[in-house]
Amino acid sequence: MGTLVCQDCNKIIDHFEDEKVTVLYSNCKTCCEISEDLNNNK
Ligand SMILES: [Zn+2]
């Protein structure tokens, strides 16, 4: 089973079944909203 981890806060977002991948990095909802806010401020 693989783990989906937030690359910003290292929080485990979700688990998924995939034999090839053990850890996948993404952004959780909180960090996604924060980066969207930062982008909007540019
Ligand atoms: Zn996060």
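Two strands pair if DSSP finds at least two bridges between them. I wrote that down before opening anything else. Strands here are DSSP runs of E with at least two residues, helices are runs of H or I with at least four residues, and both are numbered from the N terminus.

**Ground rules**

I am looking at a predicted model, where local features need pLDDT of at least 70, side-chain atom pairs count only at pLDDT 80 or more, and totals for chains, interfaces and linings use all residues. Residues are numbered from 1 along each chain as its sequence is written.

**Overview**

I started with the whole protein chain. I find 1 helix and 3 strands, and along the sequence they follow the pattern β-β-β-α. The C-alpha trace spans about 40 × 15 × 10 Å along its principal axes.

Next I looked up burial. I call a residue buried if 20 or more other C-beta atoms lie within 10 Å of its own, exposed if 12 or fewer, and partly exposed in between, with C-beta atoms placed from the backbone. Of the 42 residues in the protein chain, 0% are buried.

Then contacts, meaning two residues whose C-beta atoms, placed from the backbone, lie within 7 Å. Taking contacts between residues at least 6 apart in sequence, I get 3% that join residues at least 24 apart.

**The sheet**

Which strands pair with β1? Strand β2 (residues 12-16) pairs with β1 (residues 2-6) in the antiparallel sense over 4 bridges. Strand β3 (residues 23-26) runs parallel to β1, and 4 bridges join them. As a reminder to myself, strands of a sheet pair through backbone hydrogen bonds, either parallel or antiparallel.

Put together, I have an open sheet of 3 strands in the order β2-β1-β3, with mixed pairing. β2 and β3 stand at the edges with a single partner strand each, so one side of each has no neighbour in the sheet. Neighbouring strands are turned by 25° against each other on average, direction ignored; the axes behind that are lines fitted to C-alpha atoms, for helices over the stretch in contact, and angles run from 0 to 180 degrees between N-to-C directions.

- Gly-2 stands opposite Phe-16 in β2.
- Thr-3 has His-15 in β2 as its bridge partner.
- Leu-4 has Leu-24 in β3 as its bridge partner.
- Cys-6 has Ser-26 in β3 as its bridge partner.

**His-15**

I clicked on His-15, which sits in strand β2. Is His-15 buried or exposed? I count it as exposed, because it has 10 other C-beta atoms within 10 Å.

I then checked His-15 against Thr-3. They are 12 residues apart along the chain, and their C-alpha atoms are separated by 4.6 Å. Leaving aside neighbours within four places in sequence, I find His-15 in contact with Met-1, Gly-2, Thr-3 and Leu-4.

**Asn-10**

Where is Asn-10? I found Asn-10 in the loop between β1 and β2. That hairpin has 5 residues between the strands. The phi of Asn-10 is near 60°, a positive value in a residue other than glycine. I flagged that because most residues other than glycine have a negative phi.

Why does Asn-10 count as exposed? Asn-10 has 9 C-beta neighbours inside 10 Å, so it goes down as exposed.

**Asn-39**

My last stop was helix α1 (residues 29-40), where Asn-39 lies. Asn-39 is exposed, because 8 other C-beta atoms lie within 10 Å. From Asn-39 to Gly-2 I get 30 Å, C-alpha to C-alpha, for two residues 37 apart in sequence.
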